[in-house]
Amino acid sequence: MTNSTTRPAAGHARTACDTSTPCRPPTDFSAFAGQLVRSPAQIGAIAPSSRHLARAVCSPVPERGQPVVVELGAGTGPFTAEIQRRLDGRGRHLAIEVNATLAKLLRDRYPRVEVIQHDAAHLRQLLDERGIDRADVVISGLPWALFPAATQQQLMDATATVLGPSGSFTAFTYLHAVALTSAHRFRRLLAQRFEEVVPSRTIWRNTPPAFVLHARRPRP
Ligand SMILES: C[S@@+](CC[C@H](N)C(=O)[O-])C[C@H]1O[C@@H](n2cnc3c(N)ncnc32)[C@H](O)[C@@H]1O
């Protein structure tokens with residue numbers, strides 16, 4: 001005998017939050033878009049990064065050893081997933097995300113990652129509280145070109161001071177934003193704080209297309 005309470009009637013389309021079924025979690029795009037509407041100046045992107053961009057951004061994560069990897073502005077976690085794949089259980093992975101909804105999503109999805117809901121400008125203090133002296137790699141998902149000069153400076157200081165002498169920092173920039181004054185200012189800051197800054201080829205398979213900036217050897 002058919003139990004009519006467990007099956008929808010013929011022709012009755014199930015919605016995502018039908019009372020007879022558990023709510024489906026939001027897709028990354030809808031979770032991201034929801035937060036974009038609430039905090040456009042913090043989110044700073046129209047969609048989560050693609051796996052192609054994630055691979056390019058996360059390439060400095062070493063394949064051996066026990067590195068400390070710090071991720072800034074993890075969002076829905078495209079870089080988080082790639083960092084976890086590369087670490088494969090090694091080292092430590094701290095993801096700093098200021099948005100409470102996104103931080104919860106990351107915690108639920110990546111139990112091995114130390115997700116910290118906080119402003120990345122306080123990075124030194126956040127690492128101190130966890131007994132971490134140095135980071136080997138800092139991977140940024142932050143929308144640098146949207147930040148005013150003082151915020152860029154604060155975040156760059158915070159980043160450069162947690163890296164060891166052979167540490168590396170990676171950020172990405174959207175192609176359409178390269179001409180912005182704030183993007184030029186970010187590039188100048190990078191050049192001031194690191195001995196070497198190498199741009200990648202354009203990653204066309206991302207919305208919008210982007211390129212990566214690999215910075216190495218922070219200046220003291
Ligand atoms: C452009 S989105 C990128 C998200 C993800 N990394 C990706 O590539 O799809 C920027 C993220 O940085 C976060 N964010 C912005 N300012 C921040 C800050 N000061 N500290 C930590 N996270 C911040 C936003 O909440 C957002 O999730």
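Biologist: In this predicted model, Leu-72 stands opposite Ile-96 in β2. How do you know that β1 and β2 pair?

Modeller: By counting bridges. Pairing needs at least two bridges, and five join β1 (residues 68-72) to β2 (residues 92-96), so the two strands pair. They run parallel. In general, strands of a sheet pair through backbone hydrogen bonds, either parallel or antiparallel.

Biologist: What makes β3 and β6 edge strands?

Modeller: Look at the order of the open sheet of seven strands: β3-β2-β1-β4-β5-β7-β6, with mixed pairing. Both β3 (114-116) and β6 (194-203) pair on one side only, which makes them the edge strands. From one strand to the next, the twist averages 15 degrees.

Biologist: Which strands does α4 lie across, and how does α4 run relative to β1?

Modeller: Helix α4 lies across β1, β2 and β4 (135-140). Its angle to β1 is about 170 degrees. Helix α7 (residues 149-162) lies across β1, β4, β5 (163-174) and β7 (210-218), at about 145 degrees to β5.

Biologist: Why is Thr-207 called partly exposed?

Modeller: Thr-207 has 13 other C-beta atoms within 10 Å. Exposed would require 12 or fewer and buried 20 or more, so a count of 13 falls in between and Thr-207 is partly exposed. Thr-207 lies in the loop between β6 and β7, and is in contact with Ile-46 and Ala-47, leaving aside neighbours within four places in sequence.

Biologist: Which residues come nearest to the ligand?

Modeller: Ser-49, Gly-73, Gly-75, Ala-120 and Gly-141, of the 23 residues around the ligand. Helices α2 (40-43) and α4 (78-87) each supply at least two residues of that shell.

Biologist: How many of the shell residues are nonpolar, polar and charged?

Modeller: The shell divides into 14 nonpolar, seven polar and two charged residues.

Note on methods:
Residues numbered from 1 in each chain as written. Predicted model: local features only at pLDDT ≥ 70, side-chain atom pairs only at ≥ 80, totals over all residues. Near = placed C-beta within 6 Å. Helix = DSSP H or I, 4+ residues; strand = E, 2+ residues; numbered from the N terminus. Nonpolar A, V, L, I, M, F, W, Y, C, P; charged D, E, K, R; others polar. Axes fitted to C-alpha atoms, helices over the stretch in contact; angles between N-to-C directions. Contact = placed C-beta atoms within 7 Å.
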